[in-house]
Amino acid sequence: MDKEKLNNTANDYLETGNKDLLDDLYRSICRSWRISTQRPDDCSLFNEVFCKAVASFKGGDFVSLLSFCYKNAKRDRHRYMRIRKYREIPIQSMTDDDGSNQSDPNYLVSSFNLEEEVITKIFKKKEADKLILIDYLLESAKIQFDSTMTAIIEEFPRHKTINALGKALGLSRNTVDRKLKSLARHYDGNRFGDIQDYLAV
C-alpha cells in the first residue's frame with residue numbers, strides 16, 4: 001500500500017473510528033517498513049510510537065507524522081543505550097584492594113543471619129521489658145518479700161493454666177488467682193502498653 005492510500009486509511013479511521021481500518025493501517029505499515037516480531041525491541045518501540053501517533057493524529061499526512069516520531073524514538077533509544085553502556089562498569093574489572101574478585105558469585109555471601117539477629121534482639125528486649133514490669137509491679141504492690149507471689153511469678157511462664165500453676169506450687173487455684181489479680185491491679189497500661197505483648201511467646 002503506497003503512502004497516499006495509507007494516509008487515506010488513517011483519515012478514514014479518524015472520521016469513522018472503525019477499528020478494522022486501524023488494523024489494516026497497522027499491518028500495511030509494518031509490511032512496508034519491515035517491522036518484524038523477530039526483533040522484539042524494534043517491534044515494541046514501533047508499537048508504542050504507532051499508538052502515540054494515532055492518539056495525536058488530527059488529520060492530514062499520517063505517514064509523515066509516524067515516520068518523524070519513529071525516527072526520533074529510535075534516535076532517543078540509541079542515545080540512551082550509548083550512555084548506559086558508557087556508564088556501566090565491566091564486572092571483570094571489579095576487584096578489591098586485597099585482590100579478591102568481586103565477580104565471584106560468593107563474593108557478597110555473608111554468614112550473618114539477619115532474621116536470627118532480629119529475633120534474638122526482639123527476644124532480649126521482651127525479656128528485659130518483662131523484668132522491668134515485674135519489678136514495677138512488685139514495688140507498687142509492696143510485695144517484694146512475699147515468697148508465694150515470687151514463686152507464682154517465677155513459675156507462671158512454664159504453665160498453661162492457673163490450675164496447673166497451682167498444682168506445681170502446691171497452692172489452690174483460688175490462692176493463685178487472688179494473688180495474680182492483686183498484682184494485676186497495679187498494672188499501668190499507659191506506661192507499659194498492652195499486657196498481651198508481655199504474655200506472647
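Start by selecting Asn-7, which you will find in helix 1. Keep in mind as you explore that this is a predicted model.

Is Asn-7 buried or exposed? Show the surface and look: Asn-7 has a relative accessible area of 10%, so it counts as buried, the cut-off being under 20%. Now display its neighbours. Leaving aside residues up to four places away in sequence, Asn-7 touches Gly-60, Asp-61, Phe-62 and Val-63.

Next, color helix 1 and helix 4, the latter covering residues 62-87. How far apart are their axes, and at what angle do the two helices pack? The axes are 8 Å apart and the angle is about 95°, which means that helix 1 runs roughly perpendicular to helix 4. To see where they meet, select Lys-3, Leu-6, Asn-7 and Ala-10 on helix 1, then Phe-62, Val-63 and Ser-64 on helix 4. Sorted by type, the residues of this contact are four nonpolar, two polar and one charged.

For the last stop, look for empty space inside the model. Rolling a probe the size of a water molecule over the atoms shows where such space is left. The count here is one cavity of 30 Å³ or more, and the largest cavity has a volume of about 40 Å³. Which residues line the largest cavity? Select Ala-10, Tyr-13, Leu-22, Leu-25, Val-54, Phe-57 and Phe-62. Helix 1 (3-16) and helix 2 (19-33) are the elements that each give two or more residues to this lining. Color the lining by residue type and you will find seven nonpolar residues, with no polar and no charged ones.

Technical notes
Residues numbered from 1 in each chain as written. Predicted model: local features only at pLDDT ≥ 70, side-chain atom pairs only at ≥ 80, totals over all residues. Heavy atoms only, no water. 1 Å grid on protein atoms, 1.4 Å probe; cavity = no way out; pocket = protein on both sides within 12 Å on 5 of 7 lines; lining within 4 Å. Points joined across faces, edges and corners; volume = space filled by probe spheres on them. Helix = DSSP H or I, 4+ residues; strand = E, 2+ residues; numbered from the N terminus. Nonpolar A, V, L, I, M, F, W, Y, C, P; charged D, E, K, R; others polar. Axes fitted to C-alpha atoms, helices over the stretch in contact; angles between N-to-C directions. Parallel < 35°, antiparallel > 145°, perpendicular 65-115°, else oblique. Contact = heavy atoms within 4.5 Å. Buried < 20%, exposed > 50% of the residue type's maximum accessible area, 1.4 Å probe, protein only.
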